[in-house]
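Work through the exercises below with the structure open. Each task is followed by a stepwise solution.

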Amino acid sequence: MRFLFCVFICLWAGISSAEMARVDPRDSVVRDGWGKLLVELQLSEVVPYRVFTLDAPRRLVLDFADLDWSDVDPDALLDADRASGVRVGPLRPGWSRMVVDLAEPLRVTEAGLKTGEGGARLLVVLEPVSEDAFAAAVGAPPAPGWDALGDVDPQNRIAPQDGGRLVVVIDPGHGGIDPGADRGGIKESALMLQLGREVAAALNSLEHVQAILTRETDVFVPLHQRLSKARAVGADLMISLHADALEEDQAQGASVYTLSPDGGDAATRLMVERHQRGDLLAGVDLRENTDGVASVLMDMARRNTGAEAGEFADTLVSRMEANGVRMNSRPRRAAQLVVLSAADFASVLVEAGFLSNDEDRATLLRTEGRLAFVKAIVEAVLIWGAVDG
């Protein structure tokens, strides 16, 4: 029987509904012990939590309910050779996640929360094991209702409010524990959420269009669940919004991606890695995200949706240029991105610009700068969907 060490504690007593519990950074640490790795967190009060490990890459995942990390610098928590990194952030409404990158195979051998006068102290102990033993123990514990959106039963599709409406899903990239690109304190996740809200509001002002956001707050949504939500609402079109960043600012301008049959060039592969590594960083168990539909049937269906996506992408590039959006030298591109892989609706990814470029970043920070993107998307939807605004 596979050994899966997980702890899921639901001690709701003492949790204040008015104020979240907090982490005390002065008395919290991830450190090496005698042949062990110790995770010690000082909390202001008891909160529900769970602990598990994941592989490829090896990492420890801790989920907490109603816990505020705002005082914590995750880099300052790390004082260990057995761990190589620490990340914290929102996961879903009411829940946050801590991910500890493991430098070697380690198994959780102890996890406990003790109360005292100063609140509660969590201790997680990990000890070295073989690679095979580590692989046998990994996996998120089963917990009904845990997933932020959950898998969608085709029999329970959410019908649009009006059967004659064009359903457009707006997908602000990243979120929560996965902030995406970051330049000068400007996070891709926050900026794309703002743009997404503005696009959705503009589309919803049209009589025959219904726009739905994959996330409406700063929460993490795994890539496969973004597609599941679009499928659940009967999407005709999905538009994913991103703003990349490079180490140097030579790249600039907006571009529109559709699904590629191959990996593309080196620059494209790096872009795909940057946009899709969030699931790994956030500790998503990728083994559970495989598609059960035969690949040949999916490929046949994508021939139709791929052509429709290409038409919309071409139209969107044209409308962006007409509205004065600053465009990349290659505004039409293709890549193997998860959010473009649906076989039952058209999908595109809009790279609104580069946060690493001063002019692109300044444009996206201004309301009037984003307005050009909003107008272009609305016009493209109206032309592509042939709907009366």
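## Salt bridges and a helix

Salt bridges link Asp27, Arg31, Glu40 and Arg121 in a network. A salt bridge here is a side-chain nitrogen of Lys or Arg within 4 Å of a carboxyl oxygen of Asp or Glu. This is a predicted model: local features need pLDDT of at least 70, side-chain atom pairs count only at pLDDT 80 or more, and totals for chains, interfaces and linings use all residues. Residues are numbered from 1 along each chain as its sequence is written, and side-chain values use heavy atoms, with hydrogens and water left out.

**Exercise 1.** State how many salt bridges the rule gives, then examine Arg22 and Asp68.

Solution. 
- Step 1. The rule gives 20 salt bridges.
- Step 2. Arg22 and Asp68 form a salt bridge through their side chains, at 2.7 Å from N to O.
- Step 3. Arg22 belongs to strand β2 (residues 21-32) and Asp68 to strand β6 (residues 67-68), so the bridge ties parts 46 residues apart in sequence. Strands (E, at least two residues) and helices (H or I, at least four) are DSSP runs, numbered from the N terminus.

**Exercise 2.** Is Asp360 buried or exposed, and where does its partner Arg326 lie?

Solution. 
- Step 1. Asp360 and Arg326 form a salt bridge, with closest N and O atoms 2.7 Å apart.
- Step 2. Asp360 is in helix α8 (residues 358-365). Arg326 is in the loop between α7 (295-322) and β18 (327-335), 34 residues apart from Asp360.
- Step 3. Asp360 is buried at 4% relative accessibility, whereas Arg326 is partly exposed at 26%.

**Exercise 3.** Check the span of helix α9.

Solution. 
- Step 1. The expected span is 1.5 Å times one less than the number of residues.
- Step 2. Buried residues of α9 include Arg370, Phe373 and Trp384.
- Step 3. Just after α9, Ala386 has a positive phi of about 50 degrees.

Terms used. Buried means under 20% relative accessible area, exposed over 50%, partly exposed in between (1.4 Å probe, protein chains only).
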